[in-house]
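Me: I'm new to this one. Could you walk me through it and tell me how you know what you say?

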Amino acid sequence: MLNRRTFMAASGTTALTSLLAQHEAQAATPKDTIVIASQIDDIITLDPGEEYEVSGQILVSNIYDRLVRYEAEDLTKLVGAMAQSWEVAKDNKTFTFKLRAGQKFESGAAVTAEDVAWSLQRVVLMDKNPAFLFNQLGWKKDNVKDLVKAVDASTLQFKIIEDFSPVMVLNLMATTAGSVVEKKVALANEKNGDMGNDWLKTHSATSGAYKLVSWKANESVTLEANPAFHFPPKTKRVIVRHVPEPATQRLLLEKGDVDMAWTLQADQLKALATAKDVKVETFAYSGTWYTNLNLGDERLKNPKVREALRYLVDYDGMVNSFLKGAFIVNQTFLPKGFPSYIDYKPYKLDVAKAKALLTEAGYPNGFEIKLQCKNASPLTEIAQSMQQTMAMGGIKVNIVTGDAKQVIGDLRGRRHQMTLISWTPDYLDPHTNAGVFALNDDDADDKPKPLAWRDHYFDPTSNAMTMAAVKETDPKKRDVLYAELIKRITDQGPYILMFQPLTPVASRKNVNGYKPGIVEDTYFFRTITKS
Amino acid sequence: MTAPRGWVRQIAGLIRRIAGLLGSVSLTFLGLTCVTFVIGRVIPIDPVIAIVGEKATRSTYERVFKELNLDRPIPEQYWIYLKKILHGEFGTSLMTAHPVLSDLLRVFPATLELSVSALIVGVCFGIPLGVVAATHKGRWPDQIVRFGSLLGYSMPVFWLGLVGLLIFYAKLGWVEGPGRMDVSFDDIVPTVTGMITVDSLLAGEDEVFWNAMSHLVLPASILGYLSLAYVARMTRSFMLSQLRQEYVLATLAKGLSPFRVVWIHALGNVWVQLVTVIALTFGSLLEGAVLTETVFAWPGLGLYMKNSLFAADLNAVIGGTMLIGVVYIVLNMLSDVIYPLVDPRARTRK
């Protein structure tokens, strides 16, 4: 029965809906603004002396400037950013930088060498996550004020204690930890001697390409361009919106409510490939996807067994099927695009060879082994593929999936047999990965070192090669040393090195100029244009 | 000895009621903290790695391990935690680096805005639909309502949200997409209540209000559909039992119009039960908000809880759970207050 009242209620609803439809704003984003849909719930701070997360790194590297960096114009060359020029003393321990003239902070104050010195000291004194980068140089809380100094208003000088190649030292200065904040502003907002840390989590005091307008946790980050920057940004505002669901990101992008979508998954990308106003580009990313082989297990300690296992993975099969467009094969510990990278791919699926190696090693009938990985795609699919191909060689793989913290907990406790996992480097220098994949100078249980230690890989030769490479001052010789080390770890190390991920970026067709490098630190906003 | 005067008895009764209420509230809290705390400690997630990250050194790891009192037995850890909570310290969230309390105050209004709107949708449509279904038992309006509410019950809100977005936002363009308002309206309206629709009206910003409404209408309708399904089914069954009562026959025999009998007399008697249903529905809306907020990128309590669960951010999880607990308690108290308004017997009961 449709009575008078239900009719009135129904017509009221229709009226409200049409009223809302009338008030529908123009779908497109403002012309001078780039809106990016991404997942930014990992940001916990935007203080460059503290942040160490993926999204935080991207934003901080766009907000702050530093002495030297790899600029968007040529990502392969380290150039002066805040520094006009620099000199390295003969002993490779004293570095002197001359600052570019006319640089200003967002407050309008001129940039001085004192700001730079204080910013570098601050990282060590606050002792947050990035501090370890500078600790490597021998900078500690009690000596950093003496080692890093402003000589005059435009000259900065620092000394290092450890023996390091100047290339490596400059690469460390090029990380976001080397960002320069305005000392006066930070100190004006200091609380309980925190060097402005609490305030800088949500504010900026920068001379870089953008200033921070707002960060609303799990919601959005808004940046505004600094037109006086020596590479003036091409758009006035950048807004990064937190859109947790990839399918929602796709809808927003197709509708034009965002200009770019950064964390889409394979099925959305496939659907967008034919979309009218959207394009998808892929860029290499710096991760390493690999399997740990714990040498604490008697069977895996045998190098022949490890070699056999490397022949029982269908690398090409995976990247040509379920990993297509998302990964490339990389069998070295250095991502493609890194300085000193070499293209070295000796392994492919070869069951006969693997069986021969297993027989030589004394396991003609194979054995049963556990493979752990995080319960997430595509890790589980990779594990299943490995299970299948290893079974061909007689290795019965039991896959055990779990929460990330659980899997990593077992790795750190060296309780695993095989663990499939990924690693991302800390800075753009080969030592960042060599130092974890190859170096383990003490295998004792109470001396935890990263990856090599986790797998009980204790090899004095690898240790010596790693240290020789990091100290080598001649860049050409350094490349040769790293090439040898890379081959050694690929062939003898406690790993099956497998893949390098790609970053897909979907954007509206009128948005151009975004060419991210392989580390988050080189995801430049300032080159993006919108027509 | 003379009997105590009336007002003395009344005050004594009031004190007893307040004491009883406080007692039950504190017991509920104790239970809540205990269960969430123990679950948080027994799950095989390393809370230290959640804080220091995978790359931390052993010394940092051990320092944080001690700071979290993880070297002590669980009952002692719980006692330390309880003491902190009693001092109003819910700790700092790992995800946002802000105190959990300030996070909750920031995200809760967004959820409140969404779930109140959803509740309005659910009640305004659910009750009339339930009544219509009851008066047309077995005929097509009943079948439609029952089928529609079964759908609302059984379809995952996550899927419903995506399909809703696809149709009403992407294809038809009737409503705005995910988020609470367009980016161009960001930071225009000063935060007073945290609910953008309310704040924009307070600030007299019509355009922001309509934009926020247009963003709100779809998630609120989807979430409201869930509560509508429940409210309609419950109303239908309450009404059916009322319509079988003799007084219905008597009022009809007296010559009252069927409309008056159904909508005034019978529905009037159902309200008491409905108040409880609505209060419970509101609570479940907060839970439904977890998925709705993820699909609609709605920065509320649900999204916050989801993120903190995935990040093993126990302070935030426990804080959020406590807040939902408080909401349930408040809802219960509210329905106690509302009973006398809808049931005259509750007013005169001694």
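Reply: Happy to. A polar contact is a pair of N or O atoms within 3.5 Å, and within protein one must be able to donate a hydrogen and the other to accept it. Bear in mind that this is a predicted model. By that rule, domain 1 of chain B and domain 2 of chain B have 0 residue pairs in polar contact, with both residues at pLDDT 80 or more.

Me: Then how do you know that domain 1 of chain B and domain 2 of chain B are in contact?

Reply: Contact takes heavy atoms within 4.5 Å. On that test, 14 residues of domain 1 of chain B meet 11 residues of domain 2 of chain B. The two bury about 1100 Å² between them, with 86% of it on carbon and sulfur atoms.

Me: Which elements make up the domain 1 side in chain B?

Reply: Helix H1 (6-42) and helix H4 (74-86) of chain B each give two or more residues to it. The largest share, 10 residues, comes from H1(B). By class, that side has 9 nonpolar, 4 polar and 1 charged residues.

Me: Why is the pair of A:Tyr52 and A:Phe132 called edge-to-face?

Reply: Ring centres must lie within 6.5 Å to pair, and planes over 60 degrees apart count as edge-to-face. A:Tyr52 and A:Phe132 sit 6.0 Å centre to centre with 75° between the planes, so both tests are passed.

Me: What does the pair of A:Tyr52 and A:Phe132 tie together?

Reply: A:Tyr52 lies in the loop between strand S1 (33-38) and helix H2 (54-63) of chain A, and A:Phe132 in helix H4 (residues 131-135) of chain A, so the pair links parts 80 residues apart in sequence.

Note on methods. Residues are numbered from 1 along each chain as its sequence is written. Chains are lettered from A and ligands numbered from 1 in the order in which they are written. This is a predicted model: local features need pLDDT of at least 70, side-chain atom pairs count only at pLDDT 80 or more; totals for chains, interfaces and linings use all residues. Side-chain values use heavy atoms; hydrogens and water are left out. Buried area is the accessible area (1.4 Å probe) that two parts lose on being put together, summed over both. A polar contact is a pair of N or O atoms within 3.5 Å; within protein, one must be able to donate a hydrogen and the other to accept it, and residues adjacent in sequence count only if both atoms are side-chain atoms. Helices (H or I, at least four residues) and strands (E, at least two) are DSSP runs, numbered from the N terminus. Ala, Val, Leu, Ile, Met, Phe, Trp, Tyr, Cys and Pro count as nonpolar, Asp, Glu, Lys and Arg as charged, and the others, Gly among them, as polar. Rings of Phe, Tyr and Trp (its six-membered ring) pair if their centres lie within 6.5 Å; planes under 30 degrees apart count as stacked, over 60 as edge-to-face and the rest as tilted.
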